[in-house]
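My notes follow in the order in which I checked things.

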Amino acid sequence: MLSRTADHLYWMSRYTERAENTARMLDVNYQMSLLPQSAEVAEQAWRSLLEISELTASFDANYVLMSPSDVIRFMVSDMNNPSSIMCCLQAARENARVVRGSMTTELWETINTTWLDAQKMMREGILDKAPSEFFEWVKFRSHQTRGVQHGTMIRDEVFHFIRLGTFLERADNTARLLDVKSLTAENMRDQGHDSVDDFYYWAAILRSVSAFEIYRKVYRDVITPDRVAELLVLRSDMPRSLSACMGEVVDLLTKLKNSQSSKTITQARNLMAELRDSRIDEILDQGLHSFLTNFLERVNAVGSGISRDFLLPMDELAA
């Protein structure tokens, strides 16, 4: 496969997954903001959302107050924010358009319709009337895109590059979410918030990755930070865990391997093996923040290796 084609497929799926992840986080924050809480706690929740995506400085440079409506607008419809949902959906559509001949008609039409319908919803003022409805719609369209992909495409390199982008993006997002949210939870406890606040906070984190029901099924007990971390880091049967995502990445890289990808595959395998061999008590003794920071550095190194081994060189991208 041409590296240019692989590049568009890979980034098409990364942008689709990023839009879904952003919608998940915004929806949970919005629902939590409706609960009784102090102004300080509410602002910290919205600021942590920006910190996950490393967008705090960009937001502060363009907005005066940390209001829910401004954060939602910045993260959804602000086209000056390349990580906003609308920018991600547009980028996914443009990458798909360039290589539409490599995918099925059904997949192209699903991605294209998502972008067209999203624009229509923005014009109709969905963020002012029912933001949660829009977030659910974004998640549904992402699910639908993956379903059409699975149901209509042959399992060849095109299929594998699309899935590779999905799982690498998902691993990065889950790690960022857990890292920032765990630090915020520690700050809340230090400020004297009670166990009820703690429960709702960690329950919200689970809901943001569709893991609340899974947690109840696996642990059948009260929600605790240690078990949330174990579920989202180490459980290979949890679809959005770091272990599950890296398992998929290793499998896909093995199928796509070429003459120069051995180093990248080794990096991914080592990271997956460490996750599979780790225990949550060992991770917590080391420090969850330290562990996740190291994970993000290493998963980003794998992403750089993928770009180097399979995708467009930086000089071609600049051209």
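With which residue does Arg176 form a salt bridge, and how far apart are the closest N and O atoms? Working on the predicted model, I found that the partner is Asp172, with the closest N and O atoms 2.7 Å apart. Both residues sit in helix α9, and because they are 4 residues apart, about one helical turn separates them. I noted Asp172 as buried at 8% relative accessibility, and Arg176 as buried too, with a relative accessible area of 19%, which falls under the 20% cut-off.

I then saw that Arg176 also meets the side chain of Glu54 in a salt bridge, at 3.0 Å from N to O. Glu54 lies in the loop between α2 and α3 while Arg176 belongs to α9, so this pair ties together parts that are 122 residues apart in sequence. Glu54 is exposed, with a relative accessible area of 61%.

Last, I checked how α5 (residues 85-98) packs on α6 (residues 105-123), and I noted an angle of about 150 degrees with the axes 9 Å apart. That angle makes α5 roughly antiparallel to α6, and the crossing is left-handed. The residues in contact include Met86 and Leu89 from α5 and Trp108 and Ile111 from α6; by class, the contact has 9 nonpolar, 4 polar and 2 charged residues.

Conventions:
Residues numbered from 1 in each chain as written. Predicted model: local features only at pLDDT ≥ 70, side-chain atom pairs only at ≥ 80, totals over all residues. Heavy atoms only, no water. Axes fitted to C-alpha atoms, helices over the stretch in contact; angles between N-to-C directions. Helix = DSSP H or I, 4+ residues; strand = E, 2+ residues; numbered from the N terminus. Parallel < 35°, antiparallel > 145°, perpendicular 65-115°, else oblique. Left-handed = near helix turned anticlockwise from the far one by under 90°. Contact = heavy atoms within 4.5 Å. Nonpolar A, V, L, I, M, F, W, Y, C, P; charged D, E, K, R; others polar. Salt bridge = Lys/Arg side-chain N within 4 Å of Asp/Glu carboxyl O. Buried < 20%, exposed > 50% of the residue type's maximum accessible area, 1.4 Å probe, protein only.
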